[in-house]
Amino acid sequence: MRYSFDKWTIFICRCLCLTLMFTVLSPMTSIAQPGVPLKDKDKIEDKDIDMESEQSYVNPRENSYIRALREYEENNYKQTEGMDIILTIEDIVESNKNSLPLKTGICGKNEKVLVWEDQDAWFEWQVDIPESGLYNIYVEYYCLGESSNIAQRELMIDGEVPFNEASNLPFYKLWMDAGEPALNNVGDEIRPKQIEVAKWQVSPMVDVSGMYTKPLEFYFSQGVHTIRLNYVQQPMAISKIIIKSPENIPEYQEVIDQYKEKGYKEATKSIRIEGEDAYIKNDPTVRREYDGNPSVYPPAGGNIRLNMIGGWRWRKGNQEVIWKFDVPESGLYKLTFRLAQWYGDGLPVYRQIKIDGKIPFKEMESYKFVYEHDWRTETLKDDNGEPYLFYLEEGEHTLSMTVKMGPLQEIINAVEEDAWILSDVIRDIIMITGSEPDLNFDYELDKKIPGLIDSFKELSQSMQQHIENVTAMSARRPMIVNNFAVLKDQLDKMIKDPFIIPRGLNDLMSSQSGLTLSLQDIQEQPLNVDYFIVASPTENIEDYKASAWQKLKATWQNFVASFYKDYDRIDNVYSAEEEDNGKPKKSINVWVSRGKEWGEVIKQKADEDFTTETDIRVNMNILPAGQMGASGVNALTLSIVSGKAPDIALGVDPLSPVELAIRDAAVDLSQFDDFDHVSKRFLPGVLVPFEYNEGIYALPETMDFNVLFYRKDIVEELGIRIPETWEELYRSVLPVLNQNGMQFYYPSLLAASSSFLPFLYQNGADFYTEDKMSSALDTSEAYKAFLEWTRLFKVYQIPIQANFFNRFRTGEMPMGVGNYSTYIMISVAAPELYGRWGIAPLPGVRTEDGRIDRTAGGSPSAAIVLGQSENKDEAWEFLKWWTDTDTQSQFGTDIESLIGIEARWNTANIDAFNSIPWNKKDLAVFEEQWKWYREQPIVLGGYFTDRHIKNAATSVLMSGMNERDALEKAIKDINKEMRNKQIEYGIIEDKR
């Protein structure tokens, strides 16, 4: 009995100890004041974020169009024939507002049409289908608004989205050059501005990536159905919806037989159409381009001549270019193109070719242009080398080329499937071994993970198939084949000896990265077109190549030009003030701390729009990154010291505007009369780092922000609820992750201030006193914030440093806090995670009124006017134009098209940011986080704040120093440096 009593006594004591430990170690909660006053938050529209629905997870692989096509085949669904069902506005039966916004006179259409703006969430049509089978759906539409972004809608049939590809159906605008290229004052051609072509279009519903050559097919059973379109982005007018049978395109042999039956004769004349003289296109970023090869017409001759079209900008699925031409006589013609296809490392590219808006025969659905590292003349021909013939009546015609994936679609879908499988396998392995397995321990993974070796065998066979397929269609062995081969070799070794699987885990992760990079490479489809000839079949067209003499001449011309051309400047170069037709014109100098592509796009838009509107000319120079700060020796500081500073600097780091203002080297922008109007383009909190002495010394160009990233599949599997507060994270999420060998991520201590900032502001504290003369970290609220922040790493063992992106992909860190760069990286470089991850607002602290304070910042980049400028008014006009909604929106579209989604412009202009084609659920998260956006102020001597906060945290985590002692030491050091700087600049007197 005594033994039993001791046992229960020990048990009770242990329980009490555990309870006490949990109470002591639990972070302190506090009631905090909101980070941004409510009146400032009114600018952002309230949008509810349904965390529960966001958390519900459906495997995207199970609802893809390729799966739908397989189901059609398994169920023996057939294409209907001869069906043409037209739905008008009269067939709309319901909408979210129970009203129809109808108008007449839209782009010349006299009848009433549906005018669909963003305030209308959805409209629903009812249709009676006379025959079961497969149909295409066409929409007659006209895109509204001035944005260059495409309109997108989601399709639901009988209340369900039939497959993923129906979630973002594209509806394109049409664009054309405003005129011929002009010459600048150094002899280079300037691209003409792009203008929208106002025109109603009838287009089928297609997938947004151009993966499939045919329009999407939808199955309808006989009877009454509902068709709902949900708003995704951009306004549009809809006249009618047409449900029709899929078009059966004949093969070439059938068409040529019809030509013979009709007695069509071969034409005897030919015409040539320059590629750069395209009539219209559906993407304004596909423009005239420059090539210095002397075989391209017209030759450059040492200058920039926009002598071709296409290139890297013309690589995305569904991008279409249309040419208009007149043929001199009716007859049969062949089509010969002067083109270059040296992209893709040996892979072919594909184009869908239409004549007068129709695919003439099946072989033109996706015509193959093989890789060759030079310009060439190629006639469209069959596998035997026989030219395809096209019948054209005398008169006007159009020819279009559209980017499609063609046969690459099957490879892309297969590689995507393999990437998913490999991702799942790696996660299953890590669940057992952890991220750093014991290399000498036998985990018996082949026994503990059901089907592991079978999955490896399946992947190995698939890699071999990819190697064979890609090699067979390529002109040479592409590098992506090596990625497949490396992964196959790793898998084969692991199949033979499962014991080595943990040892090869890192290699397997690297191969996963290579696989996803291969996916991106395959989907890039660039093509250059110099000209094409609608030629008589009997005409012998030479495959013209530049001679050695022509190449030597071109090289000499470029060499001579290098002596008088400033290659750091872009396009026009103007003197400080010069006359144009007797009228003096001002010019300003702008320095850009970004890549050349960014500078070229800014300069091009400035010449097209800003100079045209204001008569202010712009000289632009490109500087390397890191050359536009106020600290250290760099180009900007040297220019200021030497008295040769530019008028404007773009891409300046957030610390520099105030540092320059302190030294009287930057202009207070708030002095301009219309500053208040311009400042409303931005979040109030984003201007905080630019404030000094009641002035504002910069406008923000870009802004960053922090949100919570999570893996939907893992969260669903573990039964985790997305945390709204830090307390929920500590109590409900972290224990579950730890039990399953997983971790949470929070940004590194290396950027101490930005990492600490959310805890500080959410607890109602601040970095500095109200007069900005000393540190405010000596308050009880600041101490609580510091305690909670350090305990995140000390008590909950969150890694101080980690590669969140890689560990997020593998599932080691299925949840964590990341910024805009993380969002773009996952979107671009982790396609295997498509549909398997999401974002949520940053966890916060619940306030007295029940709201959750999620205050956080994000370093903005700045645009400033230098104090030495003699053209301050003109410089201010440029900044107003540059930060304008239309300018920022178009620039973002242009740079993303030129470089890719990885260069998506995170503009600080709120309206322009909203115009970017974001996922609508993600945009709602961004907007919720914006309500709490607040940056750290920059003060005299404040550059030491980050350093000493980091030192304090390091002392706590690495040396075991008491939190209060570490923070008090940091406060003392911060105040000492601030006081020294205040004395140095005469703010206060030195009374020592």
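**Burial, pairing and packing**

Modeller: Ile85 counts as buried, because its relative accessibility is 15%; buried means under 20% relative accessible area, exposed over 50%, and partly exposed in between (1.4 Å probe, protein chains only). This is a predicted model, in which local features need pLDDT of at least 70 and side-chain atom pairs count only at pLDDT 80 or more, while totals for chains, interfaces and linings use all residues. Residues are numbered from 1 along each chain as its sequence is written, and side-chain values use heavy atoms, with hydrogens and water left out.

Colleague: In which strand is Ile85 found, and with which residues is Ile85 in contact?

Modeller: Contact means heavy atoms within 4.5 Å. Helices (H or I, at least four residues) and strands (E, at least two) are DSSP runs, numbered from the N terminus. Ile85 belongs to strand β1 (residues 84–87). With neighbours within four places in sequence set aside, its contacts are Val127, Asp128, Ile129, Pro130, Tyr135, Ile241, Ile242 and Ile243. Ile243 is 158 residues from Ile85 in sequence, yet the two C-alpha atoms are 5.0 Å apart.

Colleague: Is Lys605 buried or exposed?

Modeller: Lys605 counts as buried, because its relative accessibility is 6%. This lysine is part of helix α12 (residues 596–614). Leaving out residues up to four places away in sequence, Lys605 touches Phe610, Trp881, Thr887, Gln890, Phe891 and Asp894.

Colleague: How many residues of strand β28 are buried, and which strands pair with β28?

Modeller: Two strands pair if DSSP finds at least two bridges between them. Strand β28 (residues 527–535) has 9 of its 9 residues buried, so the rest of the structure largely encloses it. Strand β17 (residues 271–274) is antiparallel to β28 and joined by 4 bridges, with Ile271 opposite Val534. Strand β20 (residues 308–311) also runs antiparallel to β28, over 3 bridges, and there Ile309 faces Val529. Strand β22 (residues 331–341) forms 7 bridges with β28, again antiparallel; Phe337 has Phe532 as its bridge partner.

Colleague: What does burial look like on the two faces of β42?

Modeller: In a regular strand the side chains alternate between the two faces of the sheet. In β42, Ser861, Ala863 and Val865 on one side and Ala862 and Ile864 on the other are all buried, so both faces are covered. Strand β32 (residues 648–652) pairs with β42 in the antiparallel sense over 4 bridges, and Leu650 is the bridge partner of Ala863. Strand β35 (residues 699–702) is likewise antiparallel to β42, with 3 bridges; Thr702 stands opposite Ser861.

Colleague: In what order do the strands of the open sheet with β36 and β39 lie, and which helix lies across β36, β38 and β39?

Modeller: The order of the 4 strands is β37-β38-β36-β39, with mixed pairing. The edge strands, β37 (744–745) and β39 (837–840), each pair on one side only. Between strand β36 (residues 707–711) and β39 there are 4 antiparallel bridges, and Arg711 is opposite Trp837. Helix α21 (residues 820–829) lies across β36, β38 (815–818) and β39, at about 165° to β39. Helix α25 (residues 920–930) packs on the sheet too, touching β36 and β39, and its direction makes about 25° with that of β39. Axes are lines fitted to C-alpha atoms, for helices over the stretch in contact, and angles run from 0 to 180 degrees between N-to-C directions.

Colleague: How many residues of α21 are buried, and what covers them?

Modeller: In α21, 7 of the 10 residues are buried, so this helix is largely enclosed by the rest of the structure. The buried residues are Tyr820, Thr822, Tyr823, Ile824, Ile826, Val828 and Ala829. Their cover includes α10 (505–522), β36, α20 (804–810), β38, β39 and α25.

Colleague: At what angle do α19 and α26 cross, and which residues meet?

Modeller: The axes of α19 (residues 780–794) and α26 (residues 943–959) come within 10 Å and cross at roughly 50°. That makes α19 oblique to α26, since angles under 35 degrees count as roughly parallel, over 145 as roughly antiparallel, 65 to 115 as roughly perpendicular and the rest as oblique. Phe786, Trp789, Thr790, Phe793 and Lys794 in α19 meet Ile949, Ala952, Ala953, Val956 and Leu957 in α26.
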